[in-house]
Each structure stands twice: as C-alpha cells, then as structure tokens.
Amino acid sequence: MTAADAPLTVEWMVRQYGFDSAEVEDWVQHLHFNWPLSVKAVDGQGRVVGLLNMSDYRIEEETPLIATERPDLLASMNARRYTAVFSFIVSPDYRGTRLNYDMLSTILPELKAGYDFVFIPVLHRLKTHQYWQRWGATEFYRDADCVYYQLPLHQAAATSE
C-alpha cells in the first residue's frame, strides 16, 4: 500500500467501526502510517476485500495514560523496536476464510527482520481479541477504551510485565 490508499483506509474504518471520518482522516495524516508494511487484499475481480494498515506511532500516542500509570512498562516497551496494527479489516464475505491469515503472513518476514514485537490496540467492543491471542499476542496494558497487546516476533522480545 501507499499513501494514495489513505482515502480507502478512511472509508473502510468509517464503514467498519462507525468512526467520524474527519477524526479518521486526522489519524491517517498524523499517526505515522507504515505504508510499505500495510497490505491491501483484492479478489479476482480487483475489488478490495481486506486492509491491514500498519503504523509506527508510539504506544503513548494511543494511550497517554500509560505514561503516568506505568512509566516503567512504557520505558521497557519503547526501548524495543515495534510497529503497530492501526486497523485490520476484512470484508464480510471473506470473514472466516484464510484471508486475514494470508494478509498477516505476507508481512511476517519483514516484521521479524525489522521489529521485536507488534503493538496491537483492540477496542473492548471488537471481537478480535481471541484472534490476536491465537497468534501469540499477550496483553500488557488496558484502559477504558482498549486492551493493548504485544505480539512477540522473537521469543526473547516478550515481556512478562
């Protein structure tokens, strides 16, 4: 994906999560998208059927409260290399297929080569908590909005905090 896919990301996030489009546009502009690691899946007719948007924003940009509640944890997380899953949306007719697995698997070699872990914020109301746990993600923090997971990319990268 490239920055030219930003409007598509906004459209999908507004439709999927019900966010305000101006707010999502602001996030897309300011949250340091990692476009080369982001994945756009298309079907045989060229229709977009999935988006996995990666971002290099910092944990404290997602949850500023961690800086005051758990500065030690934040410091230990920020001492390592990570990228974040900004959004992961699969079209309804492709849910329950291998598409989400295939999309993430596509970038795993690059993730493992360049990062220690993937930072994954998941809104409490979403159903993807178990999905990430099946991949090996573990919770490291939670606030009123989200549960924050880390997906270790190397066994030594996992934290026990």
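Is Asp 43 buried or exposed? With a relative accessible area of 10%, Asp 43 is buried, where buried means under 20% relative accessible area, exposed means over 50%, and partly exposed lies in between (1.4 Å probe, protein chains only). This is a predicted model, so local features need pLDDT of at least 70 and side-chain atom pairs count only at pLDDT 80 or more, while totals for chains, interfaces and linings use all residues. Residues are numbered from 1 along each chain as its sequence is written, and side-chain values use heavy atoms, with hydrogens and water left out.

Now for the charged pairs. A salt bridge is taken as a side-chain nitrogen of Lys or Arg within 4 Å of a carboxyl oxygen of Asp or Glu, and that rule gives a count of 7 salt bridges. One of them brings Asp 43 together with Arg 47, at 2.4 Å from N to O. Arg 47 itself comes out as partly exposed, at 45% relative accessibility.

Another salt bridge links Arg 15 to Glu 11, with 3.2 Å from N to O. Both residues sit in helix H1 (residues 6-17), and because they are 4 residues apart there, about one helical turn separates them. Helices here are DSSP runs (H or I, at least four residues), as are strands (E, at least two), numbered from the N terminus. Arg 15 is exposed at 54% relative accessibility, whereas Glu 11, at 43%, is partly exposed.

Then there is the pair Asp 72 and Arg 70, whose side chains meet in a salt bridge at 3.5 Å, N to O. Asp 72 is partly exposed at 45% relative accessibility, and Arg 70 is partly exposed too, at 28%.
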